[in-house]
Amino acid sequence: MIELADVSKVYRTTHGDVRAVDDVTLAINAGEFVALKGHSGSGKSTLLALLGGLALPSAGSVAVAGHDVGKLSSSERARFREENVGFVFQMFHLLPYLNVLDNVLVAAPAAARAASREYAKQLLSGFGMEERVSHRPNQLSVGERQRVAMARALLNRPKLLLADEPTGNLDEKNAEALLDFLGGFHREGGTIVLATHDDRAAERAERIIELSSGKLVSPAGSLS
Ligand code: ADP
Ligand code: MG
(Lines give C-alpha, C1' and ligand atoms only; values in the text may rest on other atoms or scores of the structure.)
(Ligands and ions follow the chains in the order given, each with its own letter.)
Protein backbone atom coordinates (compact mmCIF):
# COMPACT_ATOMS: atom_id res chain seq x y z
CA MET A 1 0.00 0.00 0.00
CA ILE A 2 2.76 2.41 1.02
CA GLU A 3 6.42 2.30 0.08
CA LEU A 4 8.82 5.02 1.02
CA ALA A 5 12.34 4.73 -0.36
CA ASP A 6 15.09 7.02 0.96
CA VAL A 7 12.60 9.82 1.51
CA SER A 8 13.71 13.18 2.82
CA LYS A 9 11.84 16.42 3.20
CA VAL A 10 13.84 19.57 3.71
CA TYR A 11 12.19 22.89 4.57
CA ARG A 12 14.28 25.88 3.56
CA THR A 13 13.87 28.67 6.08
CA THR A 14 15.59 31.96 6.70
CA HIS A 15 17.32 30.27 9.62
CA GLY A 16 18.65 27.49 7.40
CA ASP A 17 17.45 24.11 6.26
CA VAL A 18 15.26 21.89 8.42
CA ARG A 19 15.47 18.22 7.53
CA ALA A 20 11.98 17.30 8.81
CA VAL A 21 12.08 13.78 7.34
CA ASP A 22 15.53 12.32 6.96
CA ASP A 23 16.15 9.37 4.67
CA VAL A 24 13.17 7.23 5.62
CA THR A 25 12.63 3.84 4.01
CA LEU A 26 9.45 2.11 5.06
CA ALA A 27 6.73 -0.21 3.80
CA ILE A 28 3.17 -0.44 5.11
CA ASN A 29 0.85 -3.17 3.89
CA ALA A 30 -2.72 -2.69 2.79
CA GLY A 31 -4.97 -3.21 5.80
CA GLU A 32 -2.28 -2.41 8.36
CA PHE A 33 -2.89 -0.08 11.30
CA VAL A 34 0.35 1.70 12.08
CA ALA A 35 1.05 4.27 14.77
CA LEU A 36 3.72 6.86 14.13
CA LYS A 37 5.23 7.97 17.41
CA GLY A 38 7.79 10.59 18.24
CA HIS A 39 8.31 13.82 20.12
CA SER A 40 6.94 17.08 18.87
CA GLY A 41 9.08 18.17 15.92
CA SER A 42 10.18 14.63 15.06
CA GLY A 43 8.56 14.81 11.60
CA LYS A 44 5.26 12.97 12.07
CA SER A 45 3.03 15.57 10.44
CA THR A 46 5.49 16.02 7.60
CA LEU A 47 5.52 12.29 6.96
CA LEU A 48 1.71 12.21 6.89
CA ALA A 49 1.69 15.17 4.50
CA LEU A 50 4.02 13.25 2.18
CA LEU A 51 1.81 10.15 2.33
CA GLY A 52 -1.29 12.18 1.56
CA GLY A 53 0.26 14.08 -1.32
CA LEU A 54 0.00 17.37 0.58
CA ALA A 55 3.76 17.84 0.42
CA LEU A 56 6.38 16.74 -2.08
CA PRO A 57 9.53 14.89 -1.06
CA SER A 58 12.86 16.70 -1.47
CA ALA A 59 14.45 13.34 -2.24
CA GLY A 60 13.40 9.72 -2.54
CA SER A 61 10.13 8.21 -3.67
CA VAL A 62 6.73 8.02 -2.04
CA ALA A 63 4.50 5.31 -3.49
CA VAL A 64 0.92 5.07 -2.21
CA ALA A 65 -1.74 2.79 -3.68
CA GLY A 66 0.28 2.38 -6.84
CA HIS A 67 0.93 6.10 -7.36
CA ASP A 68 4.37 7.68 -7.33
CA VAL A 69 3.02 10.62 -5.37
CA GLY A 70 6.08 12.85 -5.75
CA LYS A 71 5.81 12.67 -9.55
CA LEU A 72 2.16 13.71 -9.82
CA SER A 73 1.11 17.20 -10.88
CA SER A 74 -0.87 19.17 -8.32
CA SER A 75 -4.20 18.34 -10.02
CA GLU A 76 -3.24 14.68 -10.18
CA ARG A 77 -2.40 14.81 -6.49
CA ALA A 78 -5.79 16.33 -5.71
CA ARG A 79 -7.39 13.46 -7.60
CA PHE A 80 -5.13 10.94 -5.86
CA ARG A 81 -6.30 12.31 -2.48
CA GLU A 82 -9.96 12.16 -3.45
CA GLU A 83 -9.65 8.59 -4.58
CA ASN A 84 -7.45 7.19 -1.86
CA VAL A 85 -7.00 9.22 1.29
CA GLY A 86 -9.12 10.40 4.20
CA PHE A 87 -7.68 12.85 6.74
CA VAL A 88 -8.50 13.26 10.42
CA PHE A 89 -6.86 16.26 12.06
CA GLN A 90 -6.51 17.48 15.60
CA MET A 91 -9.29 20.03 16.28
CA PHE A 92 -11.08 18.64 13.20
CA HIS A 93 -10.58 21.75 11.02
CA LEU A 94 -14.29 22.30 10.43
CA LEU A 95 -15.22 25.47 8.56
CA PRO A 96 -17.26 27.69 10.92
CA TYR A 97 -19.42 29.29 8.23
CA LEU A 98 -20.57 26.00 6.69
CA ASN A 99 -23.24 23.76 8.15
CA VAL A 100 -22.58 20.15 9.08
CA LEU A 101 -23.57 18.67 5.73
CA ASP A 102 -21.48 21.15 3.75
CA ASN A 103 -18.50 20.57 6.03
CA VAL A 104 -18.64 16.90 5.12
CA LEU A 105 -19.07 17.77 1.42
CA VAL A 106 -15.89 19.85 1.45
CA ALA A 107 -14.13 16.57 0.69
CA ALA A 108 -16.33 15.76 -2.31
CA PRO A 109 -14.97 15.81 -5.85
CA ALA A 110 -16.85 18.48 -7.82
CA ALA A 111 -17.98 15.94 -10.41
CA ALA A 112 -19.63 13.72 -7.81
CA ARG A 113 -21.49 16.32 -5.71
CA ALA A 114 -24.97 14.84 -5.97
CA ALA A 115 -23.96 11.28 -5.15
CA SER A 116 -21.68 12.54 -2.41
CA ARG A 117 -24.52 14.50 -0.87
CA GLU A 118 -26.60 11.37 -0.41
CA TYR A 119 -23.66 9.45 0.99
CA ALA A 120 -22.76 12.33 3.33
CA LYS A 121 -26.30 12.24 4.75
CA GLN A 122 -26.07 8.50 5.14
CA LEU A 123 -22.75 8.75 6.98
CA LEU A 124 -24.05 11.51 9.25
CA SER A 125 -27.11 9.39 10.08
CA GLY A 126 -24.80 6.49 10.82
CA PHE A 127 -23.10 8.72 13.39
CA GLY A 128 -26.45 9.76 14.87
CA MET A 129 -26.21 13.25 13.37
CA GLU A 130 -29.27 13.28 11.11
CA GLU A 131 -30.90 16.00 13.25
CA ARG A 132 -27.81 18.17 13.06
CA VAL A 133 -27.10 18.47 9.33
CA SER A 134 -28.08 22.16 9.20
CA HIS A 135 -26.21 23.17 12.36
CA ARG A 136 -22.96 25.06 12.27
CA PRO A 137 -19.91 23.75 14.10
CA ASN A 138 -20.23 26.28 16.94
CA GLN A 139 -23.69 24.86 17.70
CA LEU A 140 -22.25 21.39 18.27
CA SER A 141 -20.56 19.62 21.15
CA VAL A 142 -16.97 18.46 20.75
CA GLY A 143 -18.17 14.88 20.26
CA GLU A 144 -20.56 15.99 17.52
CA ARG A 145 -17.87 17.99 15.74
CA GLN A 146 -15.70 14.95 15.85
CA ARG A 147 -18.41 12.88 14.19
CA VAL A 148 -18.65 15.46 11.40
CA ALA A 149 -14.90 15.15 10.88
CA MET A 150 -15.18 11.35 10.80
CA ALA A 151 -17.97 11.50 8.22
CA ARG A 152 -15.88 13.87 6.11
CA ALA A 153 -12.88 11.53 6.33
CA LEU A 154 -15.02 8.63 5.03
CA LEU A 155 -16.90 10.52 2.32
CA ASN A 156 -14.79 9.36 -0.60
CA ARG A 157 -14.55 5.78 0.67
CA PRO A 158 -10.78 6.04 1.20
CA LYS A 159 -8.50 3.03 1.40
CA LEU A 160 -6.10 4.96 3.61
CA LEU A 161 -6.83 7.11 6.64
CA LEU A 162 -4.18 9.54 7.84
CA ALA A 163 -4.82 10.77 11.37
CA ASP A 164 -2.66 13.52 12.87
CA GLU A 165 -2.84 13.60 16.67
CA PRO A 166 -6.61 13.11 16.45
CA THR A 167 -7.00 12.57 20.20
CA GLY A 168 -4.72 15.48 21.11
CA ASN A 169 -7.44 17.76 22.44
CA LEU A 170 -10.13 15.30 23.43
CA ASP A 171 -11.42 14.15 26.79
CA GLU A 172 -11.24 10.44 27.51
CA LYS A 173 -14.70 9.58 26.23
CA ASN A 174 -14.29 11.36 22.92
CA ALA A 175 -10.77 10.01 22.51
CA GLU A 176 -12.09 6.47 22.97
CA ALA A 177 -14.85 7.11 20.44
CA LEU A 178 -12.32 8.34 17.92
CA LEU A 179 -10.08 5.33 18.47
CA ASP A 180 -13.10 3.03 18.14
CA PHE A 181 -13.85 4.71 14.85
CA LEU A 182 -10.30 4.05 13.63
CA GLY A 183 -10.57 0.46 14.87
CA GLY A 184 -13.78 -0.04 12.90
CA PHE A 185 -12.22 1.34 9.73
CA HIS A 186 -9.29 -1.02 10.21
CA ARG A 187 -11.52 -4.05 10.82
CA GLU A 188 -13.24 -3.37 7.52
CA GLY A 189 -9.92 -3.63 5.76
CA GLY A 190 -8.77 -0.02 5.73
CA THR A 191 -5.17 1.07 6.16
CA ILE A 192 -4.39 3.61 8.89
CA VAL A 193 -1.37 5.71 9.73
CA LEU A 194 -1.95 7.44 13.05
CA ALA A 195 0.54 10.06 14.23
CA THR A 196 0.32 10.39 17.98
CA HIS A 197 2.27 10.75 21.16
CA ASP A 198 -0.64 9.35 23.13
CA ASP A 199 0.31 5.83 24.30
CA ARG A 200 -3.31 4.77 24.59
CA ALA A 201 -3.85 5.69 20.97
CA ALA A 202 -0.67 3.97 19.80
CA GLU A 203 -1.75 0.80 21.62
CA ARG A 204 -4.61 0.38 19.18
CA ALA A 205 -2.20 -0.03 16.30
CA GLU A 206 -0.70 -3.30 15.13
CA ARG A 207 2.71 -1.78 14.66
CA ILE A 208 4.45 1.23 16.12
CA ILE A 209 6.95 3.15 14.07
CA GLU A 210 9.06 5.68 15.91
CA LEU A 211 10.56 8.83 14.49
CA SER A 212 13.30 10.89 16.05
CA SER A 213 14.62 14.04 14.35
CA GLY A 214 13.07 12.88 11.10
CA LYS A 215 14.72 9.47 11.18
CA LEU A 216 13.19 6.08 11.86
CA VAL A 217 14.23 4.63 15.16
CA SER A 218 15.07 0.98 14.50
CA PRO A 219 12.73 -1.53 16.18
CA ALA A 220 15.64 -2.94 18.19
CA GLY A 221 16.53 0.51 19.45
CA SER A 222 12.98 1.37 20.43
CA LEU A 223 12.71 -1.67 22.71
CA SER A 224 15.51 -0.61 25.01
P1 ADP B 1 5.73 16.63 14.39
O2 ADP B 1 4.45 16.49 13.68
O3 ADP B 1 6.36 15.33 14.79
O4 ADP B 1 5.64 17.57 15.56
P5 ADP B 1 6.58 18.17 12.08
O6 ADP B 1 6.55 17.29 10.90
O7 ADP B 1 5.47 19.12 12.26
O8 ADP B 1 6.81 17.28 13.38
O9 ADP B 1 7.92 19.03 12.04
C10 ADP B 1 9.21 18.45 11.83
C11 ADP B 1 10.22 19.56 11.77
O12 ADP B 1 10.02 20.34 10.60
C13 ADP B 1 10.17 20.53 12.93
O14 ADP B 1 11.48 20.95 13.22
C15 ADP B 1 9.35 21.67 12.38
O16 ADP B 1 9.67 22.87 13.03
C17 ADP B 1 9.78 21.70 10.93
N18 ADP B 1 8.73 22.18 10.04
C19 ADP B 1 7.50 21.63 9.86
N20 ADP B 1 6.81 22.30 8.92
C21 ADP B 1 7.63 23.30 8.49
C22 ADP B 1 7.51 24.33 7.51
N23 ADP B 1 6.39 24.48 6.77
N24 ADP B 1 8.54 25.18 7.35
C25 ADP B 1 9.67 25.03 8.06
N26 ADP B 1 9.87 24.08 8.99
C27 ADP B 1 8.86 23.22 9.20
MG1 MG C 1 2.58 17.19 14.15
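User: Not counting residues up to four places away in sequence, which residues does Asn174 touch?

Analyst: Please keep in mind that this is a predicted model. Asn174 touches Val142, Gly143 and Gln146 once residues up to four places away in sequence are set aside. Asn174 itself is found in helix H6.

User: Does Asn174 count as buried or exposed?

Analyst: The general idea is to compare the relative accessible area with a cut-off, where buried means under 20%. Asn174 counts as buried because its relative accessibility is 13%. A second case in helix H6 is His186. His186 has 18% relative accessibility and therefore also counts as buried. Beyond four places in sequence, His186 touches Gly31, Glu32, Phe33, Ile192 and Glu206.

User: How should I read the nonpolar core, and which of its residues touch the most other members?

Analyst: In soluble globular proteins, nonpolar side chains tend to be buried together. Here the largest nonpolar core holds 38 residues, and Leu155, Phe181 and Leu182 touch the most other members. The elements that each give two or more residues to this core include strand S3 (33-37), helix H4 (113-126), helix H5 (142-154) and helix H6 (172-187). Apart from this core lies another, of 28 residues, among them Ile28, Leu48, Ala55 and Phe87.

User: With its neighbours within four places in sequence left aside, which residues is Phe181 in contact with?

Analyst: Phe181 is in contact with Val88, Phe127, Met150, Leu154 and Leu161.

User: Let us turn to the ligand. Which residues are around ligand 1?

Analyst: The residues around ligand 1 are Tyr11, Thr13, Val18, Ala20, His39, Ser40, Gly41, Ser42, Gly43, Lys44, Ser45 and Thr46. This shell divides into 3 nonpolar, 8 polar and 1 charged. Its largest share, 3 residues, comes from H1.

User: How many Å separate ligand 1 from Gly41, from Lys44 and from Ser45?

Analyst: An oxygen atom of ligand 1 lies 2.6 Å from a backbone N or O atom of Gly41. For Lys44, a side-chain N or O atom is 2.8 Å from an oxygen atom of the ligand. In Ser45, a polar side-chain atom lies 2.9 Å from an oxygen atom of ligand 1. On its own, ligand 1 has 560 Å² of accessible area, of which the protein covers 61%. Strand S1 (2-13), strand S2 (16-28) and helix H1 (44-51) are the elements that give two or more residues to the shell.

User: How does one read a residue in a loop, and where does Ser58 lie?

Analyst: Ser58 lies in the loop between H1 and strand S4 (59-64). Ser58 counts as partly exposed because its relative accessibility is 42%. Ser58 and Ser8 are 50 residues apart in sequence, yet 5.6 Å apart in space, C-alpha to C-alpha. Leaving aside neighbours within four places, Ser58 is in contact with Ser8, Lys9 and Val10. The side chain of Ser58 reaches the backbone nitrogen of Val10 at 2.8 Å.

Terms used:
Residues numbered from 1 in each chain as written. Chains lettered and ligands numbered in written order. Predicted model: local features only at pLDDT ≥ 70, side-chain atom pairs only at ≥ 80, totals over all residues. Heavy atoms only, no water. Core = buried A, V, L, I, M, F, W, Y, C linked by side-chain atoms within 4.5 Å. Buried < 20%, exposed > 50% of the residue type's maximum accessible area, 1.4 Å probe, protein only. Helix = DSSP H or I, 4+ residues; strand = E, 2+ residues; numbered from the N terminus. Contact = heavy atoms within 4.5 Å. Near = heavy atom within 4 Å. Polar contact = N/O pair within 3.5 Å; in protein donor to acceptor, adjacent residues only side chain to side chain. Areas by Shrake-Rupley, 256 points an atom, 1.4 Å probe, with all protein chains shown as cover. Nonpolar A, V, L, I, M, F, W, Y, C, P; charged D, E, K, R; others polar.
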